[in-house]
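My notes follow in the order in which I took them.

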Number of protein chains: 2
Amino acid sequence: MQTEHTAVRRDRLRTQLAGLEVDAALITRLVNVRYLTGFTGSNAALIVYADGTDVFCTDGRYRTQASAQVPDLERVIERNCARTLAERLHAEKVPRIGYESHTVTVDGLDELRTAAPNATLTSAQQAVEGQRAVKDEGEIDLLREACAIADRALADLIERDGIGAGRSELEVGRELDGLMLQRGAEERSFETIVASGPNSAVPHHRPTARTLERGDFVKLDFGARHGGHHSDMTRTFVLGQPGDWQREVYAVVLAAQRLGREALRVGADVRDVDAAARNHVKAAGYGDQFSHGLGHGVGLEIHEAPTVSYLGAGTLAERMTLTVEPGVYLEGRGGVRIEDTLVVRADGPELLTRTSKDLTVL
Amino acid sequence: MQTEHTAVRRDRLRTQLAGLEVDAALITRLVNVRYLTGFTGSNAALIVYADGTDVFCTDGRYRTQASAQVPDLERVIERNCARTLAERLHAEKVPRIGYESHTVTVDGLDELRTAAPNATLTSAQQAVEGQRAVKDEGEIDLLREACAIADRALADLIERDGIGAGRSELEVGRELDGLMLQRGAEERSFETIVASGPNSAVPHHRPTARTLERGDFVKLDFGARHGGHHSDMTRTFVLGQPGDWQREVYAVVLAAQRLGREALRVGADVRDVDAAARNHVKAAGYGDQFSHGLGHGVGLEIHEAPTVSYLGAGTLAERMTLTVEPGVYLEGRGGVRIEDTLVVRADGPELLTRTSKDLTVL
């Protein structure tokens, strides 16, 4: 992470302080501290001041790492970063402090109040998450590479006949995980889903010892983390010749997914994007079997703003990175989900997960 | 997870309700819900009532899984579990509700207050974490197996000369991760630490492209997750003939670690356990280079109660599961940490991580 990028991000947050009616923002949510500073350790906090004299805190384990990753900020070394920075704000007599009420716990707020008893503590209204929904090109580059790693790992798995009858879901998942690490993932994005046969009808199935059989749908939902950014992709295969019902369900989901992707336009309402895919599924008679939203933002977190769903709100902006993942799940028989990670662009979405979505018979 | 075990756990929590001055506890911390119900999904909440009519909530993705894992409780299917259960408590006119103030956010408490406007909401004082510090034999069996998986993976790695000069920290870490998965880990317990040469002086180093060299200390800190339980082990090796300073530091840490293990007695104060190891390190002149506490509880979380440190408080009880992990870190040169996972037993600690701690030259 280059410090000029994080400085730009902090400056963007700084411009929000007046609107939040605070003099400084105390950022304690770790992923937000990372976004605003580049720091990747497991304990840190940050003050963003209206006047730009931002201060970073981490503990002694990370002294060297913090010097390297956050060279541009004053660094305080203390274990309890939130309290330490609140005490500093108190000593500086900062009257109004914004804090992250969506992640600070009730006990945590008590601690902040004790440390800064004279200050007014006000919710920062998820200001950083709002910023993070729109990526810069550096973040998109990381996400593009994360998606490429996942694509390559899946290609490796298919090439070595890794998704075959007789193997267990667990074996397939572990092999795919290993291939992602070999291909350079720093982590899996989340616990890999391998769901075969009737299990493929469970949207978030955890791999079991069930053995893949001919005639199964096999649904793989997985991702690679690279530079802290999470790819997210689902592909559903058929083992052996697909039945008519499998061809039908697959075609419905594939068409819905394409409609969803095509609806990713700057200014589109997230509910309309969801509806673009969902209406097709409904018209095909499977509306009740599409039991979740269409997609979600993805980046430093596997699920982040915006939510692309009939329950969501807001419109899409350029450089948002999103999943589009309709599914149809027929209990006891099987299900299909097809998911890509994409970038909203002025001239139409950029596809980051590039593995074929044609019905693939293994 | 057998339901009789989780029922026992809920009954133990139930006995705490009167002392907390509440009529029901609204458990929203996921790991605590898992502990009390056996449910392993990613969204759930639970009410434990004084009268025993406990209610579980998860969302539609987990309907089938919840039927299988939580057959013994009434199950509500809703996405926002905390709010849904708070509304139920409101409808039932439950006057006093305990909630998890250490994990419920400020915004989350606002939502609970809106859902149950007439109730008194009181902190549950980490009641479930307190219970969880003392394991039952079923949990210890899971942790024992998690530790055995990690032992076997490390043995595999050594047998295939995986920790050799010329390999990068990242390669070694990925191979060890893969071996843990092959040996049956459902996950790594945490991001594997491979720290070589001067990097071994960084207590929580993340693996880099640095190549292992002859003369290096190589510190591996890693673990396997099994049945939700996390093993945690550190071993430090030397590549090629160790220098005198390496033999000395290793011997100091090894002796301190043994003293720490031997201090794991029922009723021991955690500060005394820490001191048993630390005093030896201090006497050897390395007190300032042992910059962290001696250990921590481990189980459904990689770090949980109790904290075994000069900053900790409390005494050990039978069937607590703990790490003992002293370290000495010489900046710019290298460091040694040796860590085991153990069970406190009436007749002395049971060692779960069984890989040799003799100075091993690779």
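**Notebook: a sheet and a helix pair**

I began with helix α8 (residues 169-182) of chain A, which lies across β8 and β9 of chain A. I noted that α8(A) runs at about 150° to β8(A). The model is predicted, and I kept that in mind throughout.

Next I looked up the sheet itself. I found 3 strands in an open sheet of chain A, in the order β8-β9-β12, with antiparallel pairing. I then asked why one side of β8 and of β12 in chain A is left without a neighbour in the sheet. The reason is that β8 (193-196) and β12 (233-238) stand at the edges, so each has a single partner strand. Neighbouring strands of this sheet are turned by 10° against each other on average, direction ignored.

I went on to one pair of strands. Strand β9 (residues 217-222) of chain A pairs with β12(A) in the antiparallel sense, over 6 bridges. As an example, I located Asp221(A) opposite Thr234(A) in β12(A).

Last, I turned to two helices. Helix α9 (residues 244-262) and helix α10 (residues 270-283), both of chain A, pack at an angle of about 160°, and their axes are 8 Å apart. Angles over 145 degrees count as roughly antiparallel, so I wrote down α9(A) as roughly antiparallel to α10(A). The crossing of α9(A) past α10(A) is right-handed.

Which residues make the contact? From α9(A) I listed Val252(A), Ala255(A), Ala256(A), Leu259(A) and Gly260(A). From α10(A) I listed Val273(A), Ala276(A), Ala277(A), His280(A) and Val281(A). I sorted the residues of this contact into 8 nonpolar, 2 polar and no charged.

Conventions: Residues are numbered from 1 along each chain as its sequence is written. Chains are lettered from A and ligands numbered from 1 in the order in which they are written. This is a predicted model: local features need pLDDT of at least 70, side-chain atom pairs count only at pLDDT 80 or more; totals for chains, interfaces and linings use all residues. Side-chain values use heavy atoms; hydrogens and water are left out. Two strands pair if DSSP finds at least two bridges between them. Helices (H or I, at least four residues) and strands (E, at least two) are DSSP runs, numbered from the N terminus. Axes are lines fitted to C-alpha atoms, for helices over the stretch in contact, and angles run from 0 to 180 degrees between N-to-C directions. Contact means heavy atoms within 4.5 Å. Angles under 35 degrees count as roughly parallel, over 145 as roughly antiparallel, 65 to 115 as roughly perpendicular and the rest as oblique. A crossing is left-handed if the near helix is turned anticlockwise from the far one by less than a right angle, and right-handed if clockwise. Ala, Val, Leu, Ile, Met, Phe, Trp, Tyr, Cys and Pro count as nonpolar, Asp, Glu, Lys and Arg as charged, and the others, Gly among them, as polar.
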